[in-house]
Amino acid sequence: MLIHIITLFPGMFEGVFQESILARAAARGLVDIRIVPLREFGLGTHRVVDDTPYGGGGGMVLKPEPIAAALESLDRRGRVVLTTPRGSLFTQNDALRLSREEVLTFICGHYEGVDERVSELLVDEELSIGDYVLTGGELPAMVMADAVVRLIPDVLGKDSLHTGDSHYEGLLEHPQYTRPREFRGMSVPEVLLSGDHARIQAWRRHMAREKTIQTRPDLLSRSGRAGAVTDSGTGRQGEGDDR
Ligand code: ADE
């Protein structure tokens, strides 16, 4: 997959994609993440990228021409995503859907907003990572790129499949334990030591559901699972959350 990230702050991305799973994915040729500095497409000798809003009001708005020029400089832009707090909420389903694209381009919103004509003419979808406002769309682009890349086939090793993830099938992940068997008086649940795979699976499904009821009951009602028996192992990927 090829991912472009158009940003006014390319320095923010240094390091983020050079560590751990994302770095290995890039080294193995599974993903190529290219940072596109928006300033290079700014207007005039001062490389202006923003201006005051028509109609007054505070703050600055990102101008459409530099963003259009940045997009037009790309050989392929694929699906174009604008990161903005007014976008629809990015979920695991979106991560899975976007992981099937060959090329993705993120435009990081900034300041008070982006000229509406960018959204109307140049963007395929607007996504937000949550109901709070960050200083810009850079962290959201990193978050989304990370969530997408780990779902590209072969990025995660065989030992760390994403099918047990929180939000896979609309449930949170069941509790996990590793050695030691006892820690500060708390033992690993006996069932996990039993070697009985069916019992372990049933326990994990039960605990995933309990955890979801406790902390995110909205996930169950959204996916129509309230009161339903959990059905992991259907082979569906993350489709429980259908908003
Ligand atoms: N830019 C600022 N806040 C944001 C958010 N919550 N999601 C996406 N982009 C943003």
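Arginine 79 is partly exposed, at 26% relative accessibility, where partly exposed covers the range between buried (under 20% relative accessible area) and exposed (over 50%), with a 1.4 Å probe and protein chains only. The structure is a predicted model, in which local features need pLDDT of at least 70 and side-chain atom pairs count only at pLDDT 80 or more, while totals for chains, interfaces and linings use all residues. Residues are numbered from 1 along each chain as its sequence is written, and side-chain values use heavy atoms, with hydrogens and water left out.

The side chain of arginine 79 meets that of glutamate 125 in a salt bridge, with 2.7 Å from N to O; a salt bridge is a side-chain nitrogen of Lys or Arg within 4 Å of a carboxyl oxygen of Asp or Glu. Arginine 79 belongs to strand β5 and glutamate 125 to strand β8 (residues 125-128), so the pair ties together parts that are 46 residues apart in sequence. Helices (H or I, at least four residues) and strands (E, at least two) are DSSP runs, numbered from the N terminus. Glutamate 125 counts as buried, at 12% relative accessibility. Both residues take part in a network of salt bridges that links Arg79, Asp94, Arg97 and Glu125.

By the same rule, the count of salt bridges comes to 12. Another of them joins arginine 76 to glutamate 102, the closest N and O atoms being 2.8 Å apart. This pair links distant parts of the chain, 26 residues apart: arginine 76 is in the loop between α2 and β5 (79-89), and glutamate 102 is in the loop between α3 (92-98) and β6. Arginine 76 is partly exposed at 44% relative accessibility, whereas glutamate 102 is exposed at 56%. A salt bridge also forms between arginine 34 and aspartate 32, with 2.7 Å between the closest N and O atoms. Arginine 34 is partly exposed at 42%, and aspartate 32 is partly exposed at 31%.

Arginine 117 lies in helix α4 (residues 116-122) and is partly exposed, with 47% relative accessibility. Its side chain makes a polar contact of 2.7 Å with the side chain of aspartate 115; a polar contact is a pair of N or O atoms within 3.5 Å, where within protein one must be able to donate a hydrogen and the other to accept it, and residues adjacent in sequence count only if both atoms are side-chain atoms. Apart from neighbours within four places in sequence, arginine 117 is in contact (heavy atoms within 4.5 Å) with Pro64 and Leu122. Proline 64, in helix α2 (residues 64-72), is in contact with Asp115, Arg117 and Val118, again leaving aside neighbours within four places.

For the whole protein, the secondary structure comes to 7 helices and 10 strands. Buried residues make up 41% of the 243 residues. The C-alpha trace spans about 70 × 40 × 35 Å along its principal axes. The domain assignment gives domain 1 (2-149) and domain 2 (170-243), with bounds from an automatic or database assignment. The C-alpha centres of the two domains lie 34 Å apart. Lysine 211 is found in helix α6 (residues 197-215) and is partly exposed at 35% relative accessibility. Between lysine 211 and arginine 47, which are 164 residues apart in sequence, the C-alpha to C-alpha distance is 51 Å.
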